[in-house]
Amino acid sequence: MSALADFQNSIYLQGLGDVRPSLPTDLTRLEGLAEGVLSAQAFGYVAGSAGSEATARANRDAFDRWRIVPRFLRDVAHRDLSVEVLGTAMPSPVLLAPIGVQSIFHPDGELATARAAGAEGLTMVLSTASSHSIEEVAEANGEGAPRWYQLYWPKDRELAVSFLERARAAGYTALVVTLDTFTLAWRPRDLDQAYLPFLRGIGVANYFSDPVFQKAVGGPVTEANRDTALLHWVANFGNPSLTWDDLVFLRDHWDGPIALKGVQHPDDARRAVDAGMDGVIVSNHGGRQVDGAIASLDALPGVVDAVRDQATVLFDSGIRTGSDVAKALALGAKAVLLARPYAYGLALGGQTGVQHVLRCIQAELELTMALSGVTRPDELSPETLVRA
């Protein structure tokens, strides 16, 4: 048994001294607990989705339509969950998805998440919409810790280049480009609270700390030019005019691996390959962008079939348990990006809460794999599953 699954034994051993986990080990319970500690605005922002939230429900329903078929007497005594994804060595096929404005969940925000990821050896993907700067998060993550940068591609191309240069200088080795958020979707929970954190100066640290951005607003952002800076952010955040031809610009300014996040259609996956992208992330933004969209897990097999071995396929949207991870891997994902569960862990316990979530999901993944008769992530396949 590896150290990942041994987290279960450590819990039982501590129980001999009447010490119990401070947070639930059933990660599906975290959302309800987080609602009790967060403001209505913050909880609505992280838990809410687009429109009637049908897409978020579809993401979870899709996992229930697949069932694992356990196999036995296969010698699963020695397990190894390690993988290499886009040049990054990982102890397990789990990354921390890019989540913005994390300071609304906990005062330390992305700094706590970065410390947790570094302590567990897992790869954090930093959002452009971070509450702390690219450089501050890198420092918290630790020298040599694996980290990727997620780009919300701004209209100002000089600003985009500055973001990429800063990320590369701060040790982020892969670029994730989110395609599905060139404009914010209709999100009733946020609208009912009239709450958009960016307009309150939250989640704009990378912009306000950027020399290109500062030059455009007349210098470092202070109270004197804060309103100007916020309006400049509004004018630059998304760019709905982007096309596939624009990907050449990214390749010209980023010399590491690039993955496109938000791919749902096989034809878009093929176009990503044709454009020289290294990976695609099958994602519907956790249901936050298009109400009534296809569940990401339902989209995954088609994308995998479309790219075959020409690009790395990753997955996010709806992951809540270790068995969810196993199902996504069985359907062809190389790794998954975990999102809301670690945000709830952050809200409930800061760095410690995030680490609890990461340990739980990895331990459950390893135990699920072993009890299903496999010892490595690449042994999971569609034959591991049946449709319910």
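## Cavity, pockets and a histidine

The structure holds one cavity of 30 Å³ or more. On a 1 Å grid over the protein atoms alone, a cavity is a set of points where a 1.4 Å probe fits but cannot get out, whereas a pocket is an open set with protein on both sides within 12 Å along at least five of seven lines, and lining residues have an atom within 4 Å of a point. This is a predicted model, in which local features need pLDDT of at least 70 and side-chain atom pairs count only at pLDDT 80 or more, while totals for chains, interfaces and linings use all residues. Residues are numbered from 1 along each chain as its sequence is written, and side-chain values use heavy atoms, with hydrogens and water left out.

The table gives the volumes, each being the space filled by probe spheres set on the points, with grid points joined across faces, edges and corners.

| Space | Volume | Lining residues |
|---|---|---|
| Largest cavity | about 440 Å³ | 30 residues |
| Largest pocket | about 460 Å³ | 22 residues |
| Second largest pocket | about 390 Å³ | 23 residues |

In the largest cavity, P98, I99, H285, R288 and A339 lie nearest the centre, and helix 3 (40-47) and strand 11 (335-338) each supply at least two residues of the lining. Helices (H or I, at least four residues) and strands (E, at least two) are DSSP runs, numbered from the N terminus.

In the largest pocket, the lining residues closest to the centre are L179, D180, F182, L242 and W244. Strand 8 provides the largest share of this lining, with three residues.

Around the second largest pocket, L329, G332, A333, K334 and D378 lie nearest the centre, and helix 14 gives the most to the lining, with three residues.

Where in the chain is H132 placed? H132 sits in the loop between strand 5 (123-126) and helix 6 (134-141). With a relative accessible area of 15%, H132 is buried (under 20%, with a 1.4 Å probe and protein chains only). A polar atom of the H132 side chain lies 3.3 Å from the backbone oxygen of D108. Not counting residues up to four places away in sequence, H132 touches P107, D108, G109, E110, L111, V137, A205 and N206, where contact means heavy atoms within 4.5 Å.

Notes
Buried < 20%, exposed > 50% of the residue type's maximum accessible area, 1.4 Å probe, protein only. Polar contact = N/O pair within 3.5 Å; in protein donor to acceptor, adjacent residues only side chain to side chain.
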